[in-house]
Each structure stands twice: as structure tokens, then as C-alpha cells.
Amino acid sequence: MNIEEGKEVATFAGGCFWCTEAVFLQIKGVEKVVSGYTGGTIKNPSYREIGTGTTGHAEAIEITYDPALVQYKDLLEIFFSSHNPTTLNRQGADVGTQYRSEIFYHTEAQKNEAEEYIQLIEKEKLYDDPIVTVVSSAVVFYKAEEYHQDYYNQNSSQGYCQMVIAPKLEKLRKYYKSKLK
């Protein structure tokens, strides 16, 4: 992966990548969001293959961002507020290991920040149930098929987008105005 000097990468799995991609595309300092698959056992998986839940991959997003404009801890906060980190292998009606909550860190600093953030939200009891989000070292990230990229913006009138993604974006606009583009 070639990253422009001064930029950093964050990789999050928080259920359906259409949802997480739509959220992070709104954030000031985020330059690119790619939907894809990571954390599994086969090379170059397809959507059909990961949908079986047998490849070990998670639907994930890879975020390229400018740390001068948005800090990793801000991305973590938005990540945790945009999905339910207490449900194992599930987000809403989407069920399976491909919909798990996982942070794939690229540096030791990211690992430490993610682990500290999880400890903080558990200590503060922000959720009624325990956090099940796993923190793992980043592995190969496979870009999803082209029709998955920028999905919400291309299909915003579709039912799933209206019922699931639009409310996440409304919440983002309400609570994170200062972080929006």
C-alpha cells in the first residue's frame, strides 16, 4: 500500500461496509474510504465468498486520512458511535462473522489508542453490555467489487440505505458537526 507522506491509514470492521463507508466519507480530514475484506484465510475473496461466513474475512473499510485534520482517537470515537460494539458477529439484521466489530491497527500507537479507548468506554459504562470489538494487527486488505464503493451516495434512495444508513448519517450530523466536511 502506498500512502502519501503525511497521511495515515485506519482499518475498521463495524458490520456492513456500506454503513461505515458512508459515515467516514463525511469526516473532515478523511481523504479516501475503500470498502473491502480483511482478516480472512483466502486470497482475493469475492462478496459471494465472504457472504458465506466461511472465509474468515470481515467487511471492513480502509480509511486514508490526514492526522493534521483528524486524529485517530476521533476516528475511534466515530467508529464506536456508528455501530454496536457489543453484539458478536452481528449488526442489526446482518449476522455472521463477516459483520464483526474489529479494529485492524497499522502501528503500535493505533493498537494502544484502540485498547485504551475500549477500556475507557467500558469504565464509563457507555454500553449496557460488554464491548466485543477485537483489536488485531492489520493484514492484507482486499478492495471489494466496484459496485460496493461509495455505495450510499450511488444508491441513497434504496430501501436499505434509507432504513439503515440514513439514520446513522443523521446521528453523525447531530453529534459530530464540528468534524464534518
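Two strands are taken as paired if DSSP finds at least two bridges between them. Helices (H or I, at least four residues) and strands (E, at least two) are DSSP runs, numbered from the N terminus. The model is predicted: local features need pLDDT of at least 70, side-chain atom pairs count only at pLDDT 80 or more, and totals for chains, interfaces and linings use all residues. Residue numbers start from 1 along each chain as its sequence is written, and side-chain values use heavy atoms, with hydrogens and water left out.

Six strands form an open sheet of mixed pairing, in the order S7-S6-S1-S3-S2-S8. S7 and strand S8 (141-143) stand at the edges with a single partner strand each, so one side of each lacks a neighbour in the sheet. From one strand to the next, the twist averages 35 degrees. Angles run from 0 to 180 degrees between N-to-C directions, and axes are lines fitted to C-alpha atoms, for helices over the stretch in contact.

Strand S1 (residues 8-14) is antiparallel to S6, with four bridges between them. Gly 14 has Ser 101 as its bridge partner in S6. Strand S7 (residues 134-137) runs parallel to S6, again over four bridges. Here Ile 103 stands opposite Val 135 in S7. Tyr 37 stands opposite Tyr 142 in S8.

Burial is classed by relative accessible area: buried is under 20%, exposed over 50%, and partly exposed in between (1.4 Å probe, protein chains only). Five of the five residues of S6 are buried. Both faces are covered, with Ser 101, Ile 103 and Tyr 105 on one side and Glu 102 and Phe 104 on the other.

S6, helix H4 (residues 108-123) and S7 make a right-handed β-α-β unit. Right-handed means that, with the strands pointing away from the viewer, the path from the first strand over the helix to the second runs clockwise. H4 packs on the sheet, touching S1, strand S3 (58-65), S6 and S7, and its direction makes about 150 degrees with that of S6. Contact requires heavy atoms within 4.5 Å.

Helix H1 (residues 17-24) is largely enclosed by the rest of the structure, because eight of its eight residues are buried. Among them are Phe 17, Thr 20, Glu 21 and Phe 24. The axes of H1 and helix H6 (residues 159-175) come within 10 Å and cross at roughly 35 degrees. The crossing is right-handed, meaning that the near helix is turned clockwise from the far one by less than a right angle. Trp 18, Cys 19, Ala 22 and Val 23 in H1 meet Tyr 160, Val 164, Ile 165, Lys 168, Leu 169 and Leu 172 in H6. This contact has nine nonpolar, no polar and one charged residues. Ala, Val, Leu, Ile, Met, Phe, Trp, Tyr, Cys and Pro count as nonpolar, Asp, Glu, Lys and Arg as charged, and the others, Gly among them, as polar.

Two loop residues complete the description. Gln 26 lies between H1 and S2 and is partly exposed, at 25% relative accessible area. Not counting residues up to four places away in sequence, Gln 26 touches Leu 169, Leu 172, Lys 179, Leu 180 and Lys 181. Thr 52 sits in the loop between helix H2 (47-50) and S3. Thr 52 counts as exposed, at 51% relative accessibility. Its C-alpha atom is separated by 8.2 Å from that of Gly 96, 44 residues apart along the chain.
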